[in-house]
Amino acid sequence: MPRPRQLSLRRQLLIWLLLPQLVLWLAAAMLAHAMAVRYANEVIDQTLAQTSRALARQVKPFGNGFYVDFPRAAREILEEDPTDRVYYMVSSPPAAFLLGEPAMPRPPATLAARAGASYFYNASMKGQDVRVAALYLLAGTVEQPQLMLVQVAKSRTLSAELTRKILLDMGLPLLGLMLLTSLLVWAGISRGLSPLRRLRRVVENRSPRDMAPIEVNNAPAEVRALTAAINSLLEEVNRQVEQQRRFIGDAAHQLRTPLAGLKSQSELVKAELLGNTPDIPRACRQLEQVETSVARSIHLVNQLLALARAEPEAGLQLKRLDLKQLCREVTAEAVPRALARKLDLGLDSDDDSLLVLGHAGLLRELLANLLDNAIQYTPAGGEITVTLRRLGRQVQLQVCDTGPGIAPAERDKVFQRFYRVNSLAGGKGCGLGLAIVQEIARRHHTRVELRDNSPHGLCASLLFQRENPPEQTGP
């Protein structure tokens with residue numbers, strides 16, 4: 001299935017920066033609308049309240065009724081503007097109509113009227129929305145008190161127009177500010193991502209063989225950290241490439257000699273057998289040399305493959321295993337070779353299992369190489385002992401022999417590939433055994449230490465971290 005398209009870093013930053021800004025702008029717009037409506041209503045309400053009080057002064061109690069002193073000129077002033085006409089009504093609740101527009105909307109039933117106070121509410125009158133001010137006044141006599149209601153209404157057209165103007169006066173600057181902020185955010189993101197673009201161009205224009213460190217000047221801390229990580233990776237890749245090149249060169253050099261000798265020996269055997277008077281015993285000796293060369297070549301190839309498996313880039317996973325059981329099996333496999341050379345090979349270990357975290361195949365190769373070296377260089381009648389001991393939270397593995405040993409000055413060099421000790425040049429090794437052992441040890445987060453074995457000989461020692469046994473679960 002095709003993978004979903006990922007948003008670029010620029011788009012993600014724009015979304016996360018502009019989206020909250022848009023939400024804030026919408027919230028500001030709603031707040032501005034509420035404030036505009038409030039301010040417009042306050043202006044209209046103040047005008048309606050003044051008009052209602054002026055109209056109330058024209059109606060005076062007279063005995064049990066009211067005297068209306070409302071000149072025609074005042075009425076014309078109220079009704080002067082036909083597009084924004086003011087409606088009014090004076091009544092004495094519950095049903096006594098005195099003056100004005102009989103269709104005036106009544107105050108809400110839930111309104112708790114109080115004398116001398118003005119109340120404002122929205123209503124509909126003659127097909128249009130109006131804003132109404134209601135003023136309750138006490139009238140009548142002490143014996144017969146009355147409550148007079150003065151209502152003044154005005155179309156909400158003016159209020160809507162005033163609200164629209166306030167919104168425009170507030171919204172347009174907010175919109176301009178939002179656009180300006182968006183441009184600044186865009187410019188800031190572009191400027192902030194420019195070091196990444198420069199780094200991309202540097203990497204794109206590089207040759208695949210160029211492993212030199214990347215230099216990015218005047219870059220922020222995050223880009224410098226990324227550059228440092230890339231440089232560290234390039235350094236590691238360069239080190240591994242050089243190691244592989246050196247390994248291939250050394251392997252080719254080491255294989256060239258036995259293969260050339262094998263070719264020349266096979267040609268000698270062929271010439272001897274095809275001669276006029278073939279010397280069969282001599283041909284047999286030459287075939288034995290061919291067999292020896294083939295065996296050495298096979299051993300060298302196997303060592304090279306084992307070394308390749310031990311490389312860190314092999315990607316092998318470490319698992320919990322019993323090191324004691326593994327050492328018992330490898331030691332038992334080496335017993336026939338030790339007996340053939342008249343050597344005493346044994347295993348000395350603690351009684352219980354010793355769990356470590358490792359790779360069984362690599363640890364077998366490690367112990368087999370140590371035993372091969374010990375068997376090969378220990379003289380007849382000598383002893384080889386594999387020892388396993390628990391040391392606190394660690395397990396110590398030792399392979400000790402009674403052979404000629406290695407001089408202290410050369411103990412660091414023997415771990416180099418294809419290095420052979422001059423005093424042991426008569427052996428059949430190819431100089432890879434201890435290099436393989438040390439590489440496998442590194443894969444298991446430890447190292448091989450060489451020391452003298454008392455009274456003579458050599459001991460190879462490694463320390464592994466102990467692992468707790470797995471928890472037992474009930475049925």
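At what angle do the axes of helix H1 (residues 9-56) and helix H3 (residues 157-204) cross? The first legend gives the crossing.

This is a predicted model, in which local features need pLDDT of at least 70 and side-chain atom pairs count only at pLDDT 80 or more, while totals for chains, interfaces and linings use all residues. Residues are numbered from 1 along each chain as its sequence is written, and side-chain values use heavy atoms, with hydrogens and water left out.

**View 1. Helices H1 and H3 cross at roughly 165 degrees.**
Their axes come within 9 Å. Axes are lines fitted to C-alpha atoms, for helices over the stretch in contact, and angles run from 0 to 180 degrees between N-to-C directions. The crossing makes H1 roughly antiparallel to H3 (angles under 35 degrees count as roughly parallel, over 145 as roughly antiparallel, 65 to 115 as roughly perpendicular and the rest as oblique). The crossing of H1 and H3 is right-handed. A crossing is left-handed if the near helix is turned anticlockwise from the far one by less than a right angle, and right-handed if clockwise. By class, the H1 contact with H3 has 29 nonpolar, eight polar and two charged residues. Here Ala, Val, Leu, Ile, Met, Phe, Trp, Tyr, Cys and Pro count as nonpolar, Asp, Glu, Lys and Arg as charged, and the others, Gly among them, as polar.

**View 2. An annotated segment spans residues 166-189.**
UniProt, in an unreviewed entry, places the feature "transmembrane region" at these residues. UniProt positions are given in the numbering used here, feature names are shortened, and annotations may be inferred rather than shown by experiment. Over residues 166-189 the chain is 100% helix and 0% strand. The end C-alpha atoms of this stretch are 34 Å apart. Helices (H or I, at least four residues) and strands (E, at least two) are DSSP runs, numbered from the N terminus.

**View 3. Asn-41 lies in helix H1.**
Asn-41 counts as buried, at 13% relative accessibility. Buried means under 20% relative accessible area, exposed over 50%, partly exposed in between (1.4 Å probe, protein chains only). Leaving aside residues up to four places away in sequence, Asn-41 touches Arg-131 and Ser-159. Contact means heavy atoms within 4.5 Å.

**View 4. Pro-105 sits in the loop between strand S4 (96-100) and strand S5 (118-125).**
Pro-105 is buried, with a relative accessible area of 13%. Not counting residues up to four places away in sequence, Pro-105 touches Tyr-121, Ala-123, Ser-124, Met-125 and Gln-151. Pro-105 and Val-132 are 27 residues apart in sequence. Their C-alpha atoms are 8.1 Å apart in space.

**View 5. Lys-126 and Lys-342 have a positive phi.**
Most residues other than glycine have a negative phi. Lys-126, not a glycine, has a phi of about 55 degrees. Lys-126 is in the loop between S5 and strand S6 (128-140). At 52% relative accessibility, Lys-126 counts as exposed. Lys-342, also not a glycine, has a phi of about 60 degrees. Its loop runs between helix H6 (323-340) and strand S9 (344-349). Lys-342 is exposed, with a relative accessible area of 63%.

**View 6. Helix H6 packs on helix H7 (residues 360-377) at about 35 degrees.**
The axes of H6 and H7 are 10 Å apart. Their crossing is right-handed. Residues of H6 in the contact include Leu-323, Leu-326, Cys-327 and Val-330. Among their H7 counterparts are Leu-363, Leu-367, Leu-371 and Ile-375. The H6 contact with H7 divides into twelve nonpolar, one polar and five charged residues.

**View 7. Leu-367 is a buried residue of helix H7.**
Its relative accessibility is 1%. Not counting residues up to four places away in sequence, Leu-367 touches Cys-327, Val-330, Thr-331, Val-386 and Val-399. Leu-367 and Leu-397 are 30 residues apart along the chain. Their C-alpha atoms are separated by 9.3 Å.

**View 8. Helix H7 also packs on helix H8 (residues 433-443).**
The angle is about 150 degrees, and the axes are 9 Å apart. The crossing of H7 and H8 is left-handed. From H7, the contact includes Leu-362, Leu-366 and Leu-370. From H8, Leu-434, Ile-436, Val-437 and Ile-440 are among the residues that take part. The residues of the H7 contact with H8 divide into nine nonpolar, three polar and one charged.
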